[in-house]
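Q: Can you walk me through this model? Start with how the surface figure is worked out.

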Amino acid sequence: MFVKDCLYSYRENKVKELVLGNCRSDDGKISGLSSDFENLEFLSMNNVHLHSILNLPKLNKLWKLELTDNHISGGLEVLAKKTPNLTQLDLGKNKIKEISTLEPLKRLLHLQDLKLYKCEVTSLINYRKSIFTLLPQLIYLDGFDANDKEAPDSDPEADGLDDESGRGRFFSALLLLELFPTRVGSGHASVVWGDAQPALCPETLARP
């Protein structure tokens, strides 16, 4: 199932969290996702065969983005333009080879947590020191700070998601859509709505 097929029936402005797993991108690019997802705060597109994030829409409220196990090798300058409030970025298992590829991340002023595990760039001499020098706003790289102190567990209480003013307050409904193994194996999509109870039809996702 293609990513765009997972998204066509969602009430975009009600979605706070969107997780797309093992779906397939459209020719290696993002499709079906638009700036109508204006309240999106967490987006996961792991293993969706992405080669480019050029088509990422403007998502001002997005603070966490997962893009692991894809084929991304550059083009990161789009992130500062489209996701200016990003604080957590996971690019593990991609095709990033050079420190210079990460220079556009300097413009992500709120970026605190970056993951690049199993990218070729991690094998460079002084990799960690170079990244922390390049990105002074960064607190954690691959789960550890500049002094090799491990980041705290990312559970709801640790992240403050259960606080009255925390981001976790929007988790009012969770829907899991299991897709049929039509193309690259099976995929799944989960959605968290802001204030509506979603409905599940036998073969597809219907608007509430």
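A: Accessible areas come from the Shrake-Rupley method with a 1.4 Å probe. By that method the accessible surface of the chain is about 10,700 Å², and 47% of that surface belongs to carbon and sulfur atoms. Keep in mind that this is a predicted model.

Q: How much of the chain counts as buried?
A: Of its 208 residues, 47% do.

Q: How many helices and strands are there?
A: Three helices and ten strands. Along the sequence they run α-β-β-β-α-β-β-α-β-β-β-β-β.

Q: What share of the contacts join residues at least 24 apart?
A: Taking contacts in the chain between residues at least 6 apart in sequence, 53%.

Q: On to the largest nonpolar core. Which residues touch the most other members?
A: L43, L79, L105, L114 and L116, in a core of 43 residues. The elements giving two or more residues to this core are β1 (15-21), β2 (42-46), α2 (77-82) and α3. The most comes from α3, with four residues.

Q: What does L116 touch?
A: Leaving out residues up to four places away in sequence, L116 touches L91, G92, I96, L102, V121, T122, Y127, L141 and D142.

Q: Back to α3, then. Which of its residues are buried?
A: Helix α3 covers residues 127-134, and its buried residues are Y127, I131, F132 and L134. Viewed down the axis of α3, these fall within an arc of 160°, so they line one face of the helix.

Q: And which exposed residues are on the face turned away from the buried side?
A: K129 and T133.

Q: What do the buried residues of α3 pack against?
A: Two strands: β5 (113-115) and β6 (140-141).

Q: Which residue does R128 pair with?
A: R128 forms a salt bridge with D148, with the closest N and O atoms 3.7 Å apart. R128 lies in helix α3 and D148 in the loop between β6 and β7 (173-178), so this pair ties together parts that are 20 residues apart in sequence.

Q: Is D148 buried or exposed?
A: D148 counts as exposed, at 55% relative accessibility. R128 counts as partly exposed, at 24%.

Q: Which residue forms a salt bridge with K115?
A: D113, the closest N and O atoms being 3.3 Å apart. D113 is buried, with a relative accessible area of 11%, while K115 is partly exposed at 26%.

Q: What meets the side chain of K64?
A: The side chain of E66, in a salt bridge at 3.8 Å, N to O. E66 is buried, with a relative accessible area of 17%.

Q: Now the backbone. What is phi of H49?
A: Phi of H49 is near 65°, a positive value in a residue other than glycine. For context, most residues other than glycine have a negative phi.

Q: Where does H49 lie?
A: In the loop between β2 and β3 (64-66). H49 counts as partly exposed, at 29% relative accessibility.

Q: What about phi of K118?
A: K118 has a positive phi of about 65°, and K118 is not a glycine either. K118 sits in the loop between β5 and α3.

Q: Is K118 buried or exposed?
A: Exposed, with a relative accessible area of 64%.

Notes
Residues numbered from 1 in each chain as written. Predicted model: local features only at pLDDT ≥ 70, side-chain atom pairs only at ≥ 80, totals over all residues. Heavy atoms only, no water. Buried < 20%, exposed > 50% of the residue type's maximum accessible area, 1.4 Å probe, protein only. Arc of directions from axis to C-beta. Contact = heavy atoms within 4.5 Å. Salt bridge = Lys/Arg side-chain N within 4 Å of Asp/Glu carboxyl O. Core = buried A, V, L, I, M, F, W, Y, C linked by side-chain atoms within 4.5 Å.
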